[in-house]
Structures are given as structure tokens and as C-alpha cells.
Amino acid sequence: MELCPCVKNILLLDFEGKRVAAKYFCDDWPTNGAKEAFEKAVFNKTQKTNARSEVEVTMLENDIVVYKFVQDLHFFITGGEEENEVILATVLQGFVDAVGLLLRGNVEKREALEYLDLILLCIDEIVDGGIILETDANIIAGKVASHSTVADGLSEQTFSQALATAREHLARSLLK
Amino acid sequence: MIATMKRSTHLSWVLRRELFFRKLGFLTIPQLDPRRCSQVITKLLYLLNQGDSFTKVEATEVFFSVTKLFQSKDLGLRRMVYLIIKELSPSADEVIIVTSSLMKDMNSKTDMYRANAIRVLCRITDGTLLTQIERYLKQAIVDKNPVVASAALVSGIHLLQTNPEIVKRWSNEVQEAVQSRAALVQFHALALLQQIRQNDRLAVSKLVTSLTRGTVRSPLAQCLLIRYTSQVIRESNTQTGDRPFYDFLESCLRHKAEMVIFEAARAITELSGVTSRELTPAITVLQLFLSSSKPVLRFAAVRTLNKVAMTHPMAVTNCNIDMESLISDQNRSIATLAITTLLKTGNESSVDRLMKQITNFMSDIADEFKIVVVEAIRSLCLKFPLKYRSLMNFLSNILREEGGFEYKKAIVDSIVILIRDIPEAKESGLLHLCEFIEDCEFTYLSTQILHFLGIEGPKTTDPSKYIRYIYNRVHLENATVRAAAVSTLAKFGAMVDALKPRIFVLLRRCIFDSDDEVRDRATLYLNTLGGDGEVVETDKDVKIFLFGDLDIPLVNLETSLKNYEPSEESFDIDSVPKEVKSQPLVEKKAPGKKPAGLGAPPAGPPSTVDAYERLLSSIPEFSNFGKLFKSSSPVELTEAETEYAVNVVKHIFDRHVVFQYNCINTIPEQLLENVSVIVDASEAEDFAEVTSKPVRSLPYDTPGQTFVAFEKPDGITAVGKFSNTLRFIVKEVDPSTGEAEEDGVEDEYQLEDLEVVAADYMMKVGVSNFRNAWESMGEDFERVDEYGLGPRESLAEAVSAVINLLGMQPCEGNRGCRSQFKVTHVSTLWCIPRQCEGSCTVAVWN
């Protein structure tokens with residue numbers, strides 16, 4: 001019997017419900033059509049609610065969805081109906097805060113698309129195949145940022161220094 | 001760049017081509033530009049994320065190009081390479097190319113390389129590769145760096161599904177990791193260790209014992225521990241004294257992390273057979289959560305209390321005040337849960353107050369929540385039937401307001417159930433429904449209500465009240481509703497003789513309707529109801545013909561009609577088989593691989609009623625047995641994985657019973673000939689063997705059937721036990737040529753016994769309206785008896801045991817058993833046993 005807390009998917013949608021980044025960890029939605037239908041349903045159900053100050057929660061088709069909105073981005077995490085909602089909320093909060101750290105406070109769609117690699121790495125460091133890897137935002141952001149450094153020696157920097165270096169490199173290369 | 005891409009996704013095809021050429025372009029440059037390559041990979045990942053997928057060829061191309069990028073030492077690029085390898089899921093021969101690079105990374109000084117290389121390798125690996133890297137994984141589990149250890153442990157959890165034997169060898173390392181000081185390492189190690197040991201109850205119990213006394217370093221690990229503890233409690237089954245580990249659970253209610261407090265509270269409420277004393281501390285904590293500022297805590301608490309209210313409503317009443325304030329919660333899910341919980345725990349005096357609050361609340365919420373509330377109100381009304389007036393008024397008021405089809409249907413269903421179950425509510429309920437159909441926009445609902453009026457209306461004290469409402473439908477609605485209204489009028493006319501004159505007048509007007517169906521029905525009724533507008537009684541047969549239930553499953557009727565060929569003989573509805581095939585339950589999320597191969601039972605010919613009939617009638621010896629009454633489902637006579645697999649189907653005729661033995665020979669080196677079954681019927685005195693039909697030849701893996709027929713006396717349900725032996729001539733087969741030898745040896749093979757029981761004589765028949773059929777049968781046919789079933793785990797199990805034993809068809813939705821109460825559950829079953837029409841009401845005592 002599966003007793004380990006398990007996440008079904010992590011979604012990052014924009015203010016119109018379109019996908020920015022999404023990772024599914026189970027087979028409940030086997031085709032891309034099913035996934036998009038789910039995203040549409042969850043977006044419509046939560047659109048009118050106010051989930052900016054606190055993590056909100058709802059149920060959709062026998063799954064629990066916790067969500068939070070920041071600027072024009074909507075963050076969602078889904079779990080099964082028997083799952084502990086508080087655990088899911090903690091993971092979501094870690095995700096939201098880590099993204100905030102990585103985008104240096106500019107949590108909006110444009111920034112997210114510019115630094116999509118950081119977002120994808122971030123999701124990769126939070127959940128592996130459904131199992132929760134980490135919930136602390138600082139640690140998550142640290143793991144992600146350390147990859148953007150150029151050489152091994154920089155792993156000793158504090159992560160904010162590393163982040164700054166990373167920004168510099170990326171900005172330079174994108175301007176080419 | 002990516003912003004541009006986002007704007008139009010049909011550029012993705014063009015973009016993909018472009019990216020491919022660009023990528024190849026990059027790799028021909030002597031020096032890789034890591035930044036550019038990272039960006040290309042990001043774009044590819046973006047495309048994949050948006051739902052595009054690579055063809056097999058493209059995936060292979062990308063994979064090979066990406067593998068070249070291992071040459072670069074850039075950290076960022078390497079990390080992107082890891083990501084995309086995981087997305088591409090390479091095949092076994094492609095994996096080999098990256099294996100050595102990844103294994104090098106696994107031993108690198110850089111922790112992030114080690115951790116992520118492990119995760120990638122374990123994702124794409126197969127069993128043989130795994131044994132090669134096992135050593136490194138074991139070291140990684142106890143690595144100083146927590147990220148590396150977690151990576152290895154989590155990969156282990158995934159690998160346990162596909163290569164359990166290998167992962168189980170890491171027990172010692174995992175055990176060591178459980179003692180780790182790093183918080184999440186302990187969590188992952190605990191999860192893996194429990195899964196490795198989950199089949200060993202004692203080991204899990206020991207694990208739980210040691211950890212409940214030791215230090216648990218993260219809230220996640222504590223939640224896991226609570227779940228394992230609950231499992232241990234469930235399996236320990238102590239009847240006497242205190243529950244083991246209850247004190248541990250209770251102490252977790254005072255933990256500082258909210259997730260732990262909640263997990264513990266929930267675990268306590270889910271203990272089987274939990275007492276009020278045990279529940280109290282958990283409910284206190286949940287009550288505090290109800291007034292938290294965090295919606296997640298309120299939601300979690302109210303959802304749990306909702307479940308508790310189903311079994312222990314008294315325990316939850318203390319929370320009623322807090323829950324009433326939740327009715328106005330901004331989060332509508334929370335508000336709905338609060339209301340439904342209150343409806344479950346409310347007592348008679350609070351009903352009125354609740355109704356007032358709910359009326360204000362209903363306009364704010366969406367249809368799906370409203371349906372939940374309506375169903376809760378229905379249960380409440382059934383619990384307090386004296387309050388039917390206010391609840392019924394409430395329901396009819398909301399019926400008049402705006403709403404979608406599902407919502408209105410839910411309300412109508414509730415009113416119908418209340419009318420059926422609370423006799424005093426019938427008159428007002430029917431009137432409410434009549435008023436509703438004057439204004440109803442859903443044809444389906446109007447026709448259902450008219451049909452229902454036809455059944456219940458004539459039984460009331462003054463049926464004429466309803467005529468006006470019904471007749472108005474004939475004028476004002478669409479054809480479907482008009483036809484339904486005509487039928488309903490006719491029902492009134494048939495059941496209530498005094499009304500016949502008026503009904504005839506109304507029906508005569510319907511003959512001029514514009515729609516065929518309406519005219520046909522009106523004409524039919526006018527000609528069959530009897531008399532010509534006088535007050536006479538309608539003939540009983542006519543009533544059954546017009547308004548009786550169709551006891552034939554529609555599926556069978558359809559098949560028979562399709563098979564009927566137009567000829568001199570008209571279609572005979574009695575020839576349609578009445579047997580109901582039980583529908584297989586479709587599981588919504590069905591995981592798991594189906595076992596195939598050797599264990600599969602031998603298939604007879606396709607097992608439908610028609611197929612069996614055709615098979616048996618093609619055998620001349622059985623052709624004079626008459627019509628096949630019933631065939632049982634196949635019963636195994638051999639265990640799995642034996643040399644010869646045999647199962648038997650019992651066919652029941654008027655005066656004969658035929659056993660059809662389906663045999664499969666699973667030995668490739670043998671050919672069986674002249675296969676027959678010797679049946680010893682010494683323990684079945686009523687039966688006399690008539691004939692036996694052997695199978696000429698039974699080669700390897702080809703199913704064959706042999707038959708034995710018995711005569712039995714007509715008129716009694718003969719039962720008996722038969723022992724079976726398979727007799728045959730076996731010839732050796734040369735596997736290389738496939739040819740058999742000339743001579744064979746006679747041999748026998750013992751099979752299991754088979755029984756013919758009373759259930760074999762019962763044919764499942766679906767009945768649409770049990771009550772009518774029961775009442776129409778008369779007292780003489782009633783038999784009352786008591787049977788002992790033996791101890792059963794739950795009410796639901798007891799009910800299914802009865803269904804299986806008697807071989808009858810449960811009707812009117814009684815297949816499932818939802819109530820948890822310790823009272824008699826009345827299960828109504830129906831069947832046509834061999835000798836006479838019969839039915840049986842089974843009352844199950846707990």
C-alpha cells in the first residue's frame with residue numbers, strides 16, 4: 001500500500017490559464033488532451049477566488065488541489081483525495097517562495113519565460129517521480145542556482161552571489 | 001525569444017526544424033558554447049512541456065546530439081543535459097552510450113553532479129546496468145552530503161517497483177540512513193525501509209517502535225511514522241485493553257508542525273472501532289483548526305469532521321457553533337462541507353434554524369455544491385420525517401429558482417424519495433412536482449415526473465386533482481412530454497374507474513394531435529381501457545399489458561430482434577432469454593499489469609448464452625434435451641500450473657444436466673487422444689448417466705471440450721457431488737518435428753470434485769419494480785426461512801455472500817451496501833428458479 005506522501009502534478013499557469021510549465025507524476029491523465037482539460041478545469045474553478053495572501057485549497061474530480069496566485073502567475077499542486085492537505089500546502093509554499101527567490105522577486109510571466117530553465121530545474125528539485133524531495137525554499141533555490149555557475153569552484157560562494165553571477169552570464173549571452 | 005514562441009504554437013513545427021539545423025550547427029563548431037546549448041535545450045524542453053512530442057527518429061537524433069555535450073565542463077549545461085535525458089526516455093541500446101559518462105559523474109567531486117547523475121541513471125536504467133552501479137548507489141545512500149543521499153534513496157524507492165530483489169539488498173545502508181542527522185534523508189530512508197519490509201509485519205512493527213522512542217528530525221518523517229503506526233495498529237487487532245501506540249498518536253497532537261498535528265488527528269479519527277474517549281483529543285484539535293486563518297487548515301479540519309460525522313455524529317456536535325460560522329466562508333468548498341456536516345449532526349430542533357441559514361447560502365454557490373447540499377437535506381429529512389413540511393417547502397422553493405439540469409434532477413430525485421418513504425408527505429410532494437412541471441424546461445424531468453405521477457397519483461385519496469396539471473401538458477409541451485402525459489392520463493383511467501368518463505373525453509381530444517406517437521397512444525388506450533366512457537373496471541390483463549413492467553433486459557431484447565428473420569411466424573417476445581449478465585465493474589483508475597501466460601485458465605468457446613446454446617444443439621446426442629435453462633460459469637477442477645488444466649460448465653435442462661469439460665494440455669511433448677471424463681456419481685443418487693462424448697484429439701495448447709450428460713428427475717431440484725477423473729491415451733511427441741509416435745499409453749489424471757447445488761437452478765432475472773412483482777405473486781409462494789452464514793467481516797461482505805450462495809439477481813440498487821449501521825439490512829433478491837416463479841427477501845442479521 002502506498003503510504004508515502006505523493007504529488008500528482010505541479011502546474012504553473014498564466015493569468016489566462018495557459019501553461020507556462022507543467023510536470024505530471026502519475027498516469028491519471030494519459031494524453032496531452034486530458035492534461036489540458038484538467039488544467040482548464042482547475043483554472044476555471046479557481047479563477048474567481050482570491051488566493052494571493054494564503055494558500056487556498058479546493059477539490060476537483062476526487063483530487064485535492066492547493067494553489068496560490070502571485071502577480072499574473074498561478075501555481076497549483078495536486079494530490080489524491082486521501083492525501084494530507086497540509087503537506088501539499090507546504091510543498092506549494094516552498095515552490096512559490098523558491099521561484100520568488102530565483103526570479104529575484106519579479107514573479108511574473110515574462111520573467112518566468114525568460115528564465116524557464118531555472119523554473120524547470122526548480123520543479124525538478126522539488127519532486128522526483130511523485131516523491132517530495134525538498135520543501136524549504138532556500139535549499140531548493142540553492143540547489144538550482146548552484147548549477148548556473150560556470151565552474152566548480154563557485155559552488156563555495158553563497159548562493160546569492162552565485163545567483164548574481166548567473167544573472168550576469170545569462171544576460172550577457174541573451175543579448176547576443 | 002521564448003516570449004515570441006509562446007505567442008503562436010503552430011510555429012512549433014517550423015521552429016523544430018530550425019532548431020535541429022541550428023543544433024547540428026552548434027556541434028560542428030570546435031568549441032561548444034555552453035550558454036547557447038543550454039538555451040537550445042531549454043527551448044526543446046519548452047516544446048515538450050507545451051505538449052509537443054518528438055517522433056522516434058527525432059528523439060534519437062536529439063539524444064545523440066545531447067550526449068556529445070558531456071564534453072563540456074559547464075555545470076549549468078550539464079544540469080540541462082540531465083533534464084533532457086530524463087524527458088527523452090532513451091531505449092536500452094541508446095542508454096549504453098551515456099552510461100559511462102554518467103557513471104563518471106556519479107563519482108565526481110561535485111555533489112550536484114553526483115546527486116543528479118544518480119537520479120538520471122536510475123531513471124533510465126534496466127536490471128543489468130543496475131547490478132553494475134549497485135556498489136555506488138549503496139555508497140551514495142550513506143554519503144555525507146544529504147542531497148546525494150536523498151537522491152539515491154528516492155531512486156531506490158522508484159526502483160523497488162521494477163527491481164525489488166536488488167533494492168532489498170541495500171537494507172543495511174538504508175537502516176543506517178534512517179539514523180541520519182539530516183532531516184530529509186531520514187524521511188526518504190524511512191519511506192524506503194518501510195517499503196522494503198512491508199510484507200514483514202514484525203519488522204515494520206519493530207521499526208515503528210524504535211522510532212517512536214527515538215528522534216524524528218523532520219515533520220515529513222513524523223507524518224510517515226504516524227501512517228505506519230496506524231497500519232501497525234490496524235494489523236494488531238487487540239480486542240482487550242488500550243490500543244498500542246495510541247499514546248504516541250495522542251502526543252503528536254502537540255507537535256509544533258501543523259502537518260503533523262493534522263496527520264495525527266486524522267489518523268485517530270480513522271482508527272477502526274474508535275471510541276468517543278479516544279476521539280475527544282483529536283476533535284478538540286480539529287475544532288481549533290476550524291477557526292484558523294489558513295484556508296487549508298479549515299478545509300482539512302472540516303473535511304475530516306465531515307467523515308467523522310457519518311459514524312459518530314455526537315462527537316462532532318461540540319463543533320457546531322464553529323461550523324455555523326464557516327457557512328459564510330469565502331472558500332465555497334469549506335462552506336459546503338460545513339453545511340453538510342451540520343446537516344448530519346443536527347438534531348430536530350436545529351433543523352429550522354439551519355434551513356434559514358441555508359436558504360441565504362444557496363444563491364451564492366455553484367451547482368455542484370448545491371447538489372451536495374440537496375442530497376444532505378434528503379438524508380436529513382429521512383432521519384427526521386416529522387420535519388418533512390419545512391424541508392419539502394425548501395426543496396420546492398429551490399426547484400423554482402434558476403439551475404442546471406443535474407441540479408434540478410437532484411432535487412426532483414430527492415422529492416421523489418421523500419414521497420416514497422414518508423407517506424404523510426405524498427400529497428404535498430406530488431403537488432409540488434405538478435407545479436414544477438408547469439414551468440420545467442427539461443423534457444427528461446417532465447417525462448419522469450409524469451411517469452411517477454401515473455404510479456403514485458391514482459393511489460391518493462383524490463386523484464382528480466392531478467388531472468388538470470397532466471392534461472395541460474398535452475396542450476402546451478413538446479411531443480415527448482405530450483406522449484408521456486397521454487400515458488399518464490390513461491393510467492389514471494385504468495386504475496381509478498370513477499375517472500374513466502373524464503379521461504375518455506380528454507383522450508378523444510388527443511386523437512387529433514399532430515404527432516404520431518401521441519395519436520397512436522391515445523387510440524390504443526381508448527380501445528383497450530374498456531367500455532366507452534362508462535365506469536367499468538379495466539380488465540386485469542389489459543392493465544398488465546399496458547402498464548406492466550418489461551421484465552426482459554433490453555440488451556437481450558435487442559439481440560433477439562436483430563436475430564429475428566421476418567417470416568410467417570411473428571416475433572415471440574417470450575423467446576427472449578431473461579438471464580441478466582452481470583456487468584463487470586469498471587474501475588476508474590486501473591493500475592497493475594494483468595497476469596498472462598501459463599496461469600491463464602483454458603477458454604471454452606465464447607461464453608455467452610447464445611454460444612452455449614448453439615454448441616449444445618449442434619451435438620446430436622443432446623438435441624432432444626429441450627431448451628437450455630441455464631449455464632453456470634466455469635468452475636476450475638485443477639489447480640494453476642498443472643499438466644492438464646480443466647474447468648467445467650454445468651448446463652441445466654428440463655430433465656437433464658450436461659457437464660462440459662474444457663481441457664487444455666500444457667505439455668508440449670504430449671499428444672492426448674480419446675480424452676473423456678469418468679464421472680463417479682455415487683454421491684448423487686438422483687442422477688443417472690446417459691451419455692459421454694469424448695474429445696478425439698487434444699494437442700498441446702489447443703482447448704477442447706468433452707461432455708458428460710446425466711438424466712435427472714423432473715420437478716425437484718436435485719443436488720449432488722460428482723468426482724471426476726480424466727482418462728486418455730497419451731502419445732509422446734517429438735518437439736523438433738511435431739510428430740507423434742504410433743503407440744500410446746492409457747493414463748488417468750485425477751480432477752477435483754464438482755457439486756450441483758440449488759443455486760445452479762436459479763436464473764438471475766432483472767426486475768424493474770420489485771414491489772409490484774412481489775405483490776402480484778400472492779401469499780402461497782412465500783417461504784420464510786433462516787440460514788446461518790457464519791461470521792463475516794462486514795455487512796457488505798455478508799450481502800455479497802448471500803447473493804453468491806443463492807445465485808439470484810439483486811435488484812433496485814441493492815447490490816451495494818452503504819450503511820454501516822448494526823441493524824438488519826433488507827436485501828431484496830429476485831430469481832426464477834427452475835420449478836416455479838420465486839423471489840426472496842433476505843434479511844441479514846448482524
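What percentage of the 846 residues of chain B count as buried? The share is 50%, where buried means under 20% relative accessible area with a 1.4 Å probe and protein chains only.

This is a predicted model, in which local features need pLDDT of at least 70, side-chain atom pairs count only at pLDDT 80 or more, and totals for chains, interfaces and linings use all residues. Residues are numbered from 1 along each chain as its sequence is written, and side-chain values use heavy atoms, without hydrogens and water.

Chain B comprises 36 helices and 15 strands; these are DSSP runs, helices being H or I of at least four residues and strands E of at least two, numbered from the N terminus. Of the contacts (heavy atoms within 4.5 Å) in chain B between residues at least 6 apart in sequence, 64% join residues at least 24 apart.

Helix H3(B) is mostly covered, with 14 of its 16 residues buried. B:Gly51, which follows H3(B), has a positive phi near 115°.

The axes of H17(B) and H18(B), lines fitted to C-alpha atoms over the stretch in contact, come within 8 Å and cross at roughly 140°. The angle runs from 0 to 180 degrees between N-to-C directions.

| Helix | Residue range | Contact residues, among them |
|---|---|---|
| H17(B) | 276-290 | B:Leu279, B:Ile283, B:Phe289 |
| H18(B) | 295-311 | B:Arg298, B:Ala301, B:Thr304 |

How values were computed: Chains are lettered from A and ligands numbered from 1 in the order in which they are written.
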